[in-house]
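Please view the sequence and the structure before reading on.

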Amino acid sequence: MNENICAISTALGVGAISIIRASGPDVINIVNEICDIDLSSKTSHTISYAHILNNKEVIDEVLIMLMKAPKTFTKEDVIEINSHGGISTTNKILELLLTHGCRLAEPGEFTKKAYLNGRIDLLEAEGINDLIVAETEKSRKLAMNRVEGNLSKLIKKHRKELVSLQAELEVIFDYPDEIEEEISYDKILDGLNNIKNDLDKLVDSYSSSQIIKDGIDVALVGKPNVGKSSILNHLLNEDKAIVTNIAGTTRDIVEGSITLNGIKINLIDTAGIRETDDVVEKIGVDKSKDIINKANLVIFILDNNTELTNDEKELLDSLNDVKKIIFINKNDLDQKIDISNIKEEIVYGNTTTPEGLDNLKNKIIELFNLNELDSNNYNYLTNARELSLVKQAVEHITDAIKNTKDELPFEIIADDIKVTYELLGEVIGETYTEDLLDEIFTKFCVGK
Ligand SMILES: Nc1nc2c(ncn2[C@@H]2O[C@H](COP(=O)(O)OP(=O)(O)OP(=O)(O)O)[C@@H](O)[C@H]2O)c(=O)[nH]1
Ligand SMILES: [Mg+2]
């Protein structure tokens, strides 16, 4: 834990500046050995101009940021060297730190130190990684909400409440004759119910957070020539996929993404599904079928200007349990399609006018409630670990509520309250295992 670690914290490549970061008890001495100034005499949280030296050779002209413990990210001494960018200089400075006593940091190790030294809790640590990988405005806000500790505060508040509710219950059971006025069963039940309500909301928030974080994978599916690739291009506003009037143009998967209401929509154009002897097309068709099972939404596209084929009817049947939109394209042409056998709601449009796909976009927004997704002041669970813990907490608090109503022995109720308290502690990382930390922090990039 007390080792000196270092890593390149900026993306390695050609750029104006790079930042090499080091943290640990001896980093000030280590950096002193590779530069031409004495950092020990400098005030904390200042920036100094210096040269990085390898023996007497000047490696780079840099700015060194000195941050002395404990008011630093890791609560240890931290030094950040702002060097010129580029692969060679940055690597050379890293190499010098390594040969003078630092060890290369593991992915996420700076954040792990921040967590283990009590600077942040596990939710805030996860938030930092979410922030780094955030691609959209909404996911950035979601992550920042977490880094600011809002979810942690909520959970800590409820843990405190659980402790006092348990204490009050104990009074009721142990000293039934000495109960003060403010303690009552109803009050305890209210308290437990309030916590349960918040935990229920957190469980419900999970699916929304997945959408905010990862976006929605949307597969464009249908028989050849209905206009799948045209729809992709129209939505992307780019000629990404080849469009021709030859059936079977698309063979491979073509992807692109757009943003709808701040949510990333990953569009996946697929090969038109039909029976074929063409070896390459057949592979494409298999891939299309595979994508149907993996996507969050299938847009099943039909051609307004041709009759429904048996293949299409079969495909539609096979999509029974899949979240889908039925989209009839080419509504600028005469209607030849007979829709009397289609039971689902139909959306119409075309790729020949600028507003031709607005209905489709609106339908996606409606289907996923994208207008309702608010990342400003709502606490979301964002990963499976948290979801599983909070779900278990809900089960135990539900039992505690029921058992309190049934006036079961105190020990039984207290046990469920205690387990709820512990599970919530695990959510914020009050207790942890090494395996869990490995799992969480290896997802980080090196240098964070
Ligand atoms: N009139 C009209 N033609 C369209 C529309 N959308 C696409 N097309 C035409 O339909 C033909 C097929 O379009 P594609 O986008 O290649 O169809 P696809 O579904 O990707 O076809 P495959 O890749 O073969 O499966 C092209 O000639 C397009 O210009 C539309 O809304 N209206
Ligand atoms: Mg195509």
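Predicted model: local features only at pLDDT ≥ 70, side-chain atom pairs only at ≥ 80, totals over all residues.

A polar contact is a pair of N or O atoms within 3.5 Å. In the side chain of Asp332, an N or O atom is 2.9 Å from a nitrogen atom of ligand 1. Two further pairs involve polar backbone atoms: one belongs to Gly248, 2.7 Å from an oxygen atom of the ligand, and the other to Thr351, 2.8 Å from an oxygen atom of the ligand. Taken alone, ligand 1 exposes 650 Å², of which the protein buries 86%.

| Residue | Protein atom | Ligand 1 atom | Distance |
|---|---|---|---|
| Gly248 | polar backbone atom | oxygen | 2.7 Å |
| Asp332 | side-chain N or O atom | nitrogen | 2.9 Å |
| Thr351 | polar backbone atom | oxygen | 2.8 Å |

The next topic is the division of the chain. Domain 1 covers 5-119, domain 2 is made up of 128-210 + 383-429, and domain 3 covers 215-367. The centres of domain 1 and domain 2, taken over C-alpha atoms, are separated by 41 Å.

Two points of backbone geometry remain. Most peptide bonds are trans, and most residues other than glycine have a negative phi. Ala69 and Pro70 are joined by a cis peptide bond, with omega about 5°; Pro70 lies in the loop between β4 (57-67) and β5 (78-84). Asn261, although not a glycine, has a positive phi of about 50°, and Asn261 is found in the loop between β8 (254-260) and β9 (263-269).

How values were computed:
Residues numbered from 1 in each chain as written. Chains lettered and ligands numbered in written order. Heavy atoms only, no water. Polar contact = N/O pair within 3.5 Å; in protein donor to acceptor, adjacent residues only side chain to side chain. Areas by Shrake-Rupley, 256 points an atom, 1.4 Å probe, with all protein chains shown as cover. Domains from an automatic or database assignment. Helix = DSSP H or I, 4+ residues; strand = E, 2+ residues; numbered from the N terminus.
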